Amino acid sequence: MCPCLLSLEEADTGLHYDRYLREVIDFLEKDQHFREKLHNTDMEDIKQGKLAKELDFVGHNVRTKLDELKRQEVNRLRMLIKAKQDVEGGNDINHQALLKQFEYMNHMNPHTFEVEDLDKLIKSATSDLENYDKERHEEFKRYEMMKEHERKEHLKNLDEEHRKEEQQHYEELKKKHADHPKINHPGSQDQLKEVWKEADGLDPNEFDPKTFFKLHDTNGDNYLDEQELEALFTKELEKMYSPNREEDDMTEMEEERLRMREHVMNEVDTNRDRLVSLEEFLVSTNKKEFVEPESWETLEQAPSYTDEDMKMFEEQLAQEESSINQKNAELHQQKEELERQQELLDSQKAKLQQVT
């Protein structure tokens, strides 16, 4: 419920409890006392659970709604558990034990929303959001390795002439993709001035950081959140990527956008609340790096995986394929045995019918 969590009202967190989190935030914001405490509590106090204790002072109508939200969420989780058990063939379900895996709520009390629930929700969401980008990077890394693996497997199945043609075509596409205009360093003066000119339609010679901030704080909360920051990089990304070009991969474009946003956050978000305040933004525009940044290293210049990573990935794929083949062989044997038993039963049945 820190400012970084309040900013989630219009963003997709990617968390499996996203809807529950949003609804809790929405109703807590309706309580004036809690909202005031929220905006006057710093990030560290929030992480340590001090804000959660303020739940005892919110209005009865808000607490009643939070109780209802929790019961709905518990029922949702129970349905998920039952569906999972049905798929896996389980019968007896210990909901109380299985609910322990959901760390964002107090599973010991499934009926009312208490201080411990708010404390768990805050800590879980803060931790999960901090790890979310890391998981996205890992997913992209696996995506890139799989793409390269499939490309090499395709080449193996071609004759020498077609293999050379495919490899040449691949190298040409790589060269075409790399042949793009200079990419401005994300968050630099040149990059922001380009947005000021191209997106905002303003004179770059009249660039004003404070006005720029206000223009791109689209929800007017006096912060640039992650989505508002990522929108600033669209012009740079359009220099490198187009859905109409064979050489450009839109999944790679989104990874580049994520890298740019992370870089700016690391440079500007000094209190690490995953938001850029006006003060933080203005401080960053007075740094030398803002005017004289280093060149930006794009994805093609910074591969997402090493040769060793690729080797381990392909070994894992080979193990998985071997395991699947073994399982298929076992299933085939089971099928043959069932067919043999069925034939035996049919034969015995036919003999019995002849006797009678």
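**Helix packing and selected residues in the predicted chain**

Glycine 187 lies in the loop that links H8 to helix H9 (189–198); helices (H or I, at least four residues) and strands (E, at least two) are DSSP runs, numbered from the N terminus. The model is predicted, with local features needing pLDDT of at least 70 and side-chain atom pairs counting only at pLDDT 80 or more, whereas totals for chains, interfaces and linings use all residues. Residues are numbered from 1 along each chain as its sequence is written, and side-chain values use heavy atoms, with hydrogens and water left out.

With a relative accessibility of 27%, glycine 187 counts as partly exposed; here buried means under 20% relative accessible area, exposed over 50%, and partly exposed in between (1.4 Å probe, protein chains only). Leaving aside residues up to four places away in sequence, glycine 187 touches Leu192, Phe233, Val264 and Phe290, where contact means heavy atoms within 4.5 Å. Between glycine 187 and phenylalanine 281 there are 94 residues of sequence separation, yet their C-alpha atoms are 9.7 Å apart in space.

For the chain as a whole, 16 helices and 2 strands are found. Of its 356 residues, 38% are buried. Among contacts between residues at least 6 apart in sequence, 66% join residues at least 24 apart.

Helix H7 takes part in two of the packing arrangements described here, and the partner in one of them is H8. H7 (residues 115–156) and H8 (residues 160–178) pack at an angle of about 150°, and their axes are 9 Å apart. Axes are lines fitted to C-alpha atoms, for helices over the stretch in contact, and angles run from 0 to 180 degrees between N-to-C directions. That angle makes H7 roughly antiparallel to H8; the classes are roughly parallel for angles under 35 degrees, roughly antiparallel over 145, roughly perpendicular from 65 to 115, and oblique for the rest. On the H7 side the contact is made by Glu148, Arg151, His154, Leu155 and Lys156, and on the H8 side by Arg163, Glu166, Gln167 and Tyr170. By class, this contact has 2 nonpolar, 2 polar and 5 charged residues (Ala, Val, Leu, Ile, Met, Phe, Trp, Tyr, Cys and Pro count as nonpolar, Asp, Glu, Lys and Arg as charged, and the others, Gly among them, as polar).

The axes of H7 and H16 come within 10 Å and cross at roughly 75°, so the two helices are roughly perpendicular to each other. Lys141, Arg142, Met145, Met146, Glu148, His149 and Lys152 of H7 meet Asp309, Met310, Phe313, Glu314 and Leu317 of H16. The classes in this contact are 5 nonpolar, 1 polar and 6 charged residues. Within H16, Met310, Phe313 and Leu317 are buried, and H7 is included in what covers the buried residues of H16. H16 (residues 307–355) has 49 residues and reaches 72 Å from its first C-alpha to its last, close to the 72 Å expected at 1.5 Å a residue, the expected span being 1.5 Å times one less than the number of residues.

Glutamate 252, in helix H13 (residues 250–268), is buried, with a relative accessible area of 13%. Its contacts, not counting residues up to four places away in sequence, are Phe140, Glu144, Lys147, Tyr241 and Leu299. Glutamate 226 belongs to helix H11 (residues 226–231) and is buried, with a relative accessible area of 13%. Glutamate 226 touches Arg261, Met265 and Arg274, with residues up to four places away in sequence not counted. Glutamate 226 and glutamate 262 are 36 residues apart in sequence and 8.8 Å apart in space, C-alpha to C-alpha.
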